[in-house]
Amino acid sequence: MRKAIRLMSSLMLAGALIAPIGLRADDHDRDDKDKHRVYDRDHRDYHNWDDREDHAYRGWYTQNYNNREYRDYNKLNRRDQQAYWNWRHSHPDNDHDRDDRH
């Protein structure tokens with residue numbers, strides 16, 4: 001009987017210690033749904049890839065590759081990705097397009 005009580009106590013303690021970690025991860029996922037960060041190597045900064053960034057990228061892509069089939073940013077080669085970020089730094093839409101957290 002004592003072993004059972006010790007086992008139950010240990011399991012309850014472990015659950016109490018792990019639960020806050022799980023709750024924190026769940027809250028973080030909810031806040032950043034449909035958004036992730038992309039690193040710009042040449043400019044050494046991060047950008048939040050959200051609907052606004054996707055809209056800017058699609059405009060840039062159409063402007064520069066009008067006769068090509070659309071390609072996601074992640075499928076571009078490194079040179080074309082850098083061309084986009086060079087353009088993006090010269091065409092910011094507001095102060096929130098970059099994420100200065102490192």
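Patches are made of residues with over 30% relative accessible area and no salt bridge, with like charges joined within 9 Å. The legends below refer to a predicted model.

**View 1. Positive surface patch of Arg-68, Arg-71, Lys-75 and Arg-79.** Four residues form this positive patch: three are arginines, at positions 68, 71 and 79, and the other is Lys-75. Lys-75 lies in the loop that runs between α2 (51–64) and α3 (78–90). Its relative accessibility is 57%, so Lys-75 counts as exposed, the cut-off for exposed being over 50%.

**View 2. Nonpolar surface patch of Leu-7, Met-8 and Leu-11.** Met-8 belongs to helix α1, which spans residues 2–31. With a relative accessible area of 48%, Met-8 is classed as partly exposed, because that class lies between the limits of 20% for buried and 50% for exposed.

**View 3. The protein chain with its three helices and three strands.** Along the sequence the elements follow the order α-β-β-α-α-β. Among contacts with a separation of 6 or more, 52% come from residues 24 or more positions apart.

**View 4. Surface and buried residues of the protein chain.** The accessible surface comes to about 8,500 Å², and carbon and sulfur atoms hold 50% of this area. Of the 102 residues in the chain, 22% are buried.

Notes. Residues numbered from 1 in each chain as written. Predicted model: local features only at pLDDT ≥ 70, side-chain atom pairs only at ≥ 80, totals over all residues. Heavy atoms only, no water. Patch = residues over 30% accessible without salt bridge, like charges linked within 9 Å, V, L, I, M, F, W, Y side chains within 5 Å. Areas by Shrake-Rupley, 256 points an atom, 1.4 Å probe, with all protein chains shown as cover. Salt bridge = Lys/Arg side-chain N within 4 Å of Asp/Glu carboxyl O. Lys, Arg positive; Asp, Glu negative; His and termini not counted. Charge placed at Lys NZ, Arg CZ, Asp CG, Glu CD. Helix = DSSP H or I, 4+ residues; strand = E, 2+ residues; numbered from the N terminus. Buried < 20%, exposed > 50% of the residue type's maximum accessible area, 1.4 Å probe, protein only. Contact = heavy atoms within 4.5 Å.
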